[in-house]
Amino acid sequence: KQTLLPLLKEETSSFIFPCKPTVQRPELQYMVMELLRCIPLLLFLLFVCGLDHFIFSILSIIQHHSFIEYSYQTSHHLSVNVMGTSLMAQLLRGTIGALNTSFDTEVETSNLACLPQPTGMTRQQYLNTCLPLGALALLCVAQVYPFRLRRAIAAFYFPKREKTRVLFLYNKLLRQRKNFLYLQRGRVARQARQPPELGTLLLRWCRRRWPWLRRCLRQKCTLCGTPETPQHQPCPSPDCFALYCESCW
């Protein structure tokens, strides 16, 4: 609880607060890893859709440029004329005259039945194909909120284990804070040994020369870098110009 151990700004970013609606830093890393796992599926889907469109284009070209139509026309006329008035001429006209034929043939055919008949996917079908992947990506983003209930469920069924975890976390934070203060003191000491830059000297001179410019030329906390507020505490040493926020002080 904050009344027991107020968290510093650096410590707050490593915890997950269940009541915050935004995705926090520990959750963001896990969410990005889940989204990266969707990239192979997305690439495979794009490959399949591209291959489908490529095959449809090839078959459509074959259909439009390989169409051949055949037209066959023929005519046959046979006529035998027997001249004369004799009995033999009449007999020949009765027998051979039956061979007189006349017919015209016209045939039209094409290879339309042998050509492919491709059907391209509509925009709605492409959308329905990509919809499951979009739902998967949405679940990767929204799963951080159900995951926040895991600790509460575990604490409900294992209260003793929850107390042990809280105590371990409390001691861990104390050790981290002790190491953090040790490291930050060393960093501030190294910064103090370095000569100030020209811009820093100019800023200090302007603040001393015109105090009303402090509202515009605000300093930052030496440790966490938060902008200056009335709650910031300056270092009591007269030769030190360091400024600290309330939590770092």
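1. Helix 2 and helix 4 run roughly antiparallel to each other, a label used for angles over 145 degrees. Helices here are DSSP runs (H or I) of at least four residues, numbered from the N terminus. The axes of helix 2 (residues 25-65) and helix 4 cross at roughly 175° and come within 9 Å; each axis is a line fitted to C-alpha atoms over the stretch in contact, with angles from 0 to 180 degrees between N-to-C directions.

2. A word on the source: this is a predicted model, where local features need pLDDT of at least 70, side-chain atom pairs count only at pLDDT 80 or more, and totals for chains, interfaces and linings use all residues. Residues are numbered from 1 along each chain as its sequence is written, and side-chain values use heavy atoms, leaving out hydrogens and water.

3. Who touches whom? On the helix 2 side, look for Met31, Leu35, Leu42 and His53, among others, meeting residues of helix 4 that include Tyr126, Leu133 and Val141. Contact here means heavy atoms within 4.5 Å.

4. Now helix 4 by itself. With 20 residues (123-142) at 1.5 Å a residue, helix 4 should span 28 Å, and its end C-alpha atoms are 27 Å apart, which agrees; the expected span is 1.5 Å times one less than the number of residues. There's also a bend of about 35° at Cys130, with Pro132 following within four residues. That bend is the angle between axes fitted to the seven residues ending there and the seven starting there.

5. An unreviewed UniProt entry lists residues 41-62 and 126-145 as "transmembrane region". In the model, residues 41-62 are 100% helix, with end C-alpha atoms 32 Å apart. Residues 126-145 are 95% helix and 0% strand.

Terms used: Helix = DSSP H or I, 4+ residues; strand = E, 2+ residues; numbered from the N terminus. UniProt positions renumbered as here; feature names shortened; annotations may be inferred. Parallel < 35°, antiparallel > 145°, perpendicular 65-115°, else oblique.
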